Amino acid sequence: MNENIANIKNEQENKLTKKELNQIWRRWGCTHLSSMSYEKIQGHSWAFAFLPFAKKYYGDNPEAMRRFLVRHSQFYNTEPQTGQIINGIVTSLEEEIALGHDVPEEMPVNIKTTLMGPIAGIGDSIIQGIIVPVLLSIGMGLAAGGNPLGPIFYILSYGIIGPMISYLSFRSGYRLGVNAIDVIIGEDAKRITDAFNVLGVTVIGGLAASNIALTSQLMIPMGTETQPLQNVLDSIFPGILPLSIVMLAWYLISKKQVGATRVILILTVLITAGVIVGVF
């Protein structure tokens, strides 16, 4: 019994400290897109993030360290902030392996492969579909008229929210371990992803309607008088011109696979020509 107590105590002492966990989290958070390749995408950054782990547990076992770094240098790609939950789960499993528990070395790799797709769907819906557009809309509103608070607000707000999501995701994944998989994959996760997608589309639609200012300057004959075309459009479908521009951009990007930069240039040329001839 005393031997079991001693083993438990020794294991607790060998577990990752808060400082070491933060080091793993911080390394991934600061480098996840710093070393990209078509072969591995974020794989290099993952291996870099786990170097302190490898040195702690396998510093005196070169072969075990080699296997560890090889299995964590493979292809990997997901949304970086919410994706930290995978880093936390894998950290928990690798710790179990390093402490001699009955966990196969293939399990962390399989979990990364299984979860990076679902997490990317959920994370992109939250980060790119909701948080970034909302913060940008607030920043653009503040920046109207040349107020420098607009870009400062966006930089500071995202600089706080992004790392906060990243840290909470990592710690949650580490705390839950493999049990987090039940929450992330399956039918419930699909419902969550669909809900965030719908919310993201709604947010984008609202931002487009409130931030895109496009009106027509044309005058059309109405009997013996003329009337602004914009008044007629507003009486039929308020905001139809901004909606048309958004739908054109969506069509070019989604259906014609045109890059975002080219879409911006196309819209710039289109609006410039319209202003010159007096349409807008």
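How far apart are the end C-alpha atoms of helix α6 (residues 84-98), and what span should its 15 residues give at 1.5 Å a residue?

**View 1. Helix α6, end to end.** The end C-alpha atoms of α6 sit 21 Å apart, which agrees with the 21 Å its 15 residues should span; the expected figure is 1.5 Å times one less than the number of residues. Keep in mind that this is a predicted model, where local features need pLDDT of at least 70, side-chain atom pairs count only at pLDDT 80 or more, and totals for chains, interfaces and linings use all residues. Residues are numbered from 1 along each chain as its sequence is written, and side-chain values use heavy atoms, with hydrogens and water left out. Of the 15 residues in α6, 13 are buried, so the helix is largely enclosed by the rest of the structure. Here, buried means under 20% relative accessible area, exposed means over 50%, and partly exposed is in between (1.4 Å probe, protein chains only). After α6 comes G100, with a positive phi near 90°.

**View 2. The whole chain, for orientation.** You'll find 13 helices and 2 strands here; these are DSSP runs numbered from the N terminus (helices are H or I, at least four residues; strands are E, at least two). Out of 280 residues, 36% are buried. Take the contacts (heavy atoms within 4.5 Å) between residues at least 6 apart in sequence: 67% of them join residues at least 24 apart.

**View 3. The largest nonpolar core.** This core holds 29 residues, and L16, W46, F50, F53, Y58 and I86 have the most contacts inside it. A nonpolar core is a set of buried Ala, Val, Leu, Ile, Met, Phe, Trp, Tyr and Cys residues joined through side-chain atoms within 4.5 Å. Helices that each supply at least two of its residues include α2 (18-31), α7 (106-143) and α8 (149-176), while α6 gives the largest share, 6 residues. Zoom in on L16: beyond its neighbours within four places in sequence, its contacts include L21, I24, F53, T91 and Y174. There's also a second, separate core of 9 residues, with L233, L252, V263 and L267 among them.

**View 4. R71 and its two glutamates.** R71 lies in helix α5 and is buried, with a relative accessible area of 7%. Its side chain makes a polar contact with the side chain of E94 at 2.8 Å, and another polar contact, of 3.2 Å, joins the side chains of R71 and E105. A polar contact is a pair of N or O atoms within 3.5 Å; within protein, one must be able to donate a hydrogen and the other to accept it, and residues adjacent in sequence count only if both atoms are side-chain atoms. Leaving aside neighbours within four places in sequence, R71 also has Y58, I97, V109 and K112 among its contacts.

View 5. Strands β1 (residues 219-222) and β2 (residues 225-228) pair in the antiparallel sense over 4 bridges; pairing takes at least two bridges found by DSSP. I220 has Q227 in β2 as its bridge partner. The hairpin has 2 residues between the strands, and G223 takes a positive phi near 70°. Then look at Q230 in helix α11 (residues 229-236), which is buried at 13% relative accessible area. Not counting residues up to four places away in sequence, Q230 touches L214, T215, S216 and L241.
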